[in-house]
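Let's walk through a model together, one question at a time. Have the coordinates open and try each one before reading on.

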Amino acid sequence: MPISSTADRKNDLIMETRELEYFRRILSQRLDDLLKKEDETVPRLLESRGDSSDVVDQATLEADRSFKLRMRDREKKLIHKIEQSLTRIADGTFGVCEVCGEEIAIERLKARPVATYCIACKNSMEAIEKAAGI
């Protein structure tokens, strides 16, 4: 085995380690931001009860509260996905497609760090869902 191939593998490992650290840092920061937001949102939702007797004001407050609760639910799901991604970084499976086992393109991970499918598998899944009318 030539020395250059060993050196190349060592460089690949260093690059991979740098990339993993980049994603760990990005995901950790996003998780911290979401958790702080959660700590601020829940008390505000509880205190914004609205004691107005105006039906339109009450409807507006209820619509606003419903929207905030839907956003909070989406954020909870994202928190869970981020935690799973951080676990995958720790156990060495981050960036590997759950369907085919191939590496997920770095560009895809930069766009969506919580991605668990390569673009080919994700496109196939979406085509099946579209055909099924989901």
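Q: In which helix do Arg 24 and Glu 21 both lie?
A: This is a predicted model, in which local features need pLDDT of at least 70 and side-chain atom pairs count only at pLDDT 80 or more, while totals for chains, interfaces and linings use all residues. Residues are numbered from 1 along each chain as its sequence is written, and side-chain values use heavy atoms, with hydrogens and water left out. Arg 24 and Glu 21 are 3 residues apart, about one turn of the helix. Both belong to residues 3-47, helix H1 (helices are DSSP runs of H or I, at least four residues, numbered from the N terminus).

Q: How far apart are the closest N and O atoms of Arg 24 and Glu 21?
A: An α-helix has 3.6 residues a turn, so residues three or four places apart point the same way. Arg 24, at 35% relative accessible area, is partly exposed, and Glu 21, at 33%, is partly exposed too (buried is under 20%, exposed over 50%, partly exposed in between, with a 1.4 Å probe and protein chains only). The two form a salt bridge, meaning a side-chain nitrogen of Lys or Arg within 4 Å of a carboxyl oxygen of Asp or Glu. Their closest N and O atoms are separated by 2.6 Å.

Q: What is the N to O distance between the side chains of Asp 64 and Lys 68?
A: These residues sit 4 residues apart in helix H2, about one helical turn. Asp 64 is partly exposed at 34%, and Lys 68 is partly exposed at 33%. Their side chains meet in a salt bridge, N to O, at 3.2 Å.

Q: How many salt bridges does a search of the whole structure find?
A: Side chains of opposite charge can pair when their charged atoms come close. The pairs discussed so far include Arg 24 with Glu 21 and Asp 64 with Lys 68. Across the whole structure, the number of salt bridges found is 5.

Q: Arg 88 is buried yet has no salt bridge, so which side chain of opposite charge is nearest?
A: Arg 88 is found in helix H2. Beyond its neighbours within four places in sequence, Arg 88 is in contact (heavy atoms within 4.5 Å) with residues including Thr 93, Phe 94 and Val 114. Lys and Arg count as positive and Asp and Glu as negative, with His and the chain ends not counted. The nearest side chain of opposite charge, 4.4 Å away, is Glu 98.

Q: What distance separates the end C-alpha atoms of helix H2?
A: Helix H2 covers residues 55-91, which is 37 residues. The expected span is 1.5 Å times one less than the number of residues, and so H2 should span 54 Å. The prediction agrees with the model, where the end C-alpha atoms are apart by 54 Å.

Terms used: Helices (H or I, at least four residues) and strands (E, at least two) are DSSP runs, numbered from the N terminus.
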